[in-house]
Amino acid sequence: MAHKINNVNVNLKKINEEAYPRGVERRFAEFAPARPLIRETDAITADPVFVGRENDESKFVKQIIGEINDVFSVLPIVGMGGIGKTTLARRIFNHPRTETHFDERIWVCVSENFDVLTILKSILVSLKETSDIGDSRQHVMAKLREKLKDKRCLLVLDDLWNEKRGEWDDLKNALMGVNPNKGNVIIVTTRNESVASIVNPHNCNHKLEKLSEDDCWSIIKAKAFEGGDVPEHFQTIGKAIARQCRGSPLASKMMGAVLRGKEIDDWESIQKIGPSNIEGDENSVKAHLRSQKRKQVMYGHWSQKAVYHAKICQTSSTCVLWFYAKHE
Ligand SMILES: Nc1ncnc2c1ncn2[C@@H]1O[C@H](COP(=O)(O)OP(=O)(O)O)[C@@H](O)[C@H]1O
Ligand SMILES: [Mg+2]
């Protein structure tokens with residue numbers, strides 16, 4: 001073991017000497033987008049591993065298929081990036097009871113580009129409107145009414161950031177004009193509590209809490225061993241790593257991917273090094289990355305992964321998980 005550590009240190013020294021003149025700094029810079037990248041989501045991608053949120057799922061499904069007296073009932077799912085909002089919304093969307101209850105289920109990934117006409121057009125596209133829709137709002141609305149009149153709808157608006165109440169009202173009024181019957185549901189996912197209170201002023205949002213350590217370990221195991229048996233001697237160290245994921249399914253999933261195929265020594269090194277989790281807006285995340293870059297060198301053959309993590313975490317701007325080794 002001592003010999004191995006010594007080798008790692010020698011390797012790190014070498015990497016450090018080689019990497020900086022060759023532009024590791026530049027590679028980080030490439031992954032520093034001026035604004036967060038938008039990853040479009042969909043309703044179809046399968047989530048084979050789903051843990052710790054079964055109660056949230058059944059509670060939601062019960063609520064949306066129960067008696068609803070509003071034309072559009074709006075249910076926000078709130079929580080930090082990577083906590084599992086999109087995954088939960090997708091599970092609710094694809095639940096068999098949801099499928100049979102609603103005549104139409106529509107998924108729109110909104111992200112930062114909140115534009116009412118664009119959203120209305122996306123709804124038409126997901127209803128398989130194939131003709132050239134054009135940019136006339138009147139035309140789009142007429143088409144929507146044709147498609148949705150008398151249908152009970154579920155609409156998921158994934159990753160909403162817009163805090164302008166007027167624009168939200170505009171969208172909601174448009175939808176109510178299209179389908180004035182009771183019983184429609186909109187599920188909104190958002191990181192922002194004030195967005196949640198705009199779309200549902202009655203404070204009925206559903207805040208997603210962190211997962212338990214056991215759930216994080218389940219995700220790591222599923223990724224690292226792909227459903228196979230976990231050797232006994234990986235259990236203790238694996239659970240310690242799960243603790244370091246601090247309840248984040250995204251962190252657990254990334255950890256599992258990094259650990260896959262690695263020997264127990266590597267697991268121990270990773271656990272010892274630990275993740276660096278910080279929360280904050282994009283500027284503080286970037287400042288953190290800049291200060292870390294000066295002090296540390298990326299970890300041997302995981303250097304690719306380290307860059308990958310830095311990239312992911314800047315994208316979400318809320319959780320930095322970053323493996324490094326101190327240069328000794
Ligand atoms: N309950 C869960 N069980 C297992 N994996 C999960 C769970 N929730 C989320 N994940 C995984 O974590 C990652 C981030 O989840 P996501 O739903 O995209 O988070 P958010 O929408 O809050 O940013 C995804 O890759 C997803 O597969
Ligand atoms: Mg999401």
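This is a predicted model: local features need pLDDT of at least 70, side-chain atom pairs count only at pLDDT 80 or more; totals for chains, interfaces and linings use all residues.

Reply: Residues are numbered from 1 along each chain as its sequence is written, and chains are lettered from A and ligands numbered from 1 in the order in which they are written.

Me: How is the packing of H3 and H4 described?

Reply: Two packed helices are described by the angle between their axes and the distance between the axes. Here the axes of H3 (residues 54–65) and H4 come within 9 Å and cross at roughly 50 degrees. Asp56, Glu57, Phe60 and Val61 of H3 meet Leu88, Arg91 and Ile92 of H4 (contact: C-beta atoms, placed from the backbone, within 7 Å).

Me: At what angle do H10 and H11 pack?

Reply: H10 (residues 213–225) and H11 (residues 235–244) pack at about 115 degrees, with axes 8 Å apart. That makes H10 roughly perpendicular to H11.

Me: Which residues are closest to ligand 1, and where does the ligand lie?

Reply: Of the 18 residues that surround ligand 1, the closest are Gly84, Lys85, Thr86, Thr87 and Pro249 (C-beta atom, placed from the backbone, within 6 Å). Helices H4 (85–93) and H12 (249–259) each supply at least two residues of the shell. Domain 1 (2–37 + 211–326) and domain 2 (54–207) both contribute to the shell, so ligand 1 lies between them; the domain bounds come from an automatic or database assignment.

Notes
Helices (H or I, at least four residues) and strands (E, at least two) are DSSP runs, numbered from the N terminus. Axes are lines fitted to C-alpha atoms, for helices over the stretch in contact, and angles run from 0 to 180 degrees between N-to-C directions. Two residues are in contact if their C-beta atoms, placed from the backbone, lie within 7 Å. Angles under 35 degrees count as roughly parallel, over 145 as roughly antiparallel, 65 to 115 as roughly perpendicular and the rest as oblique.
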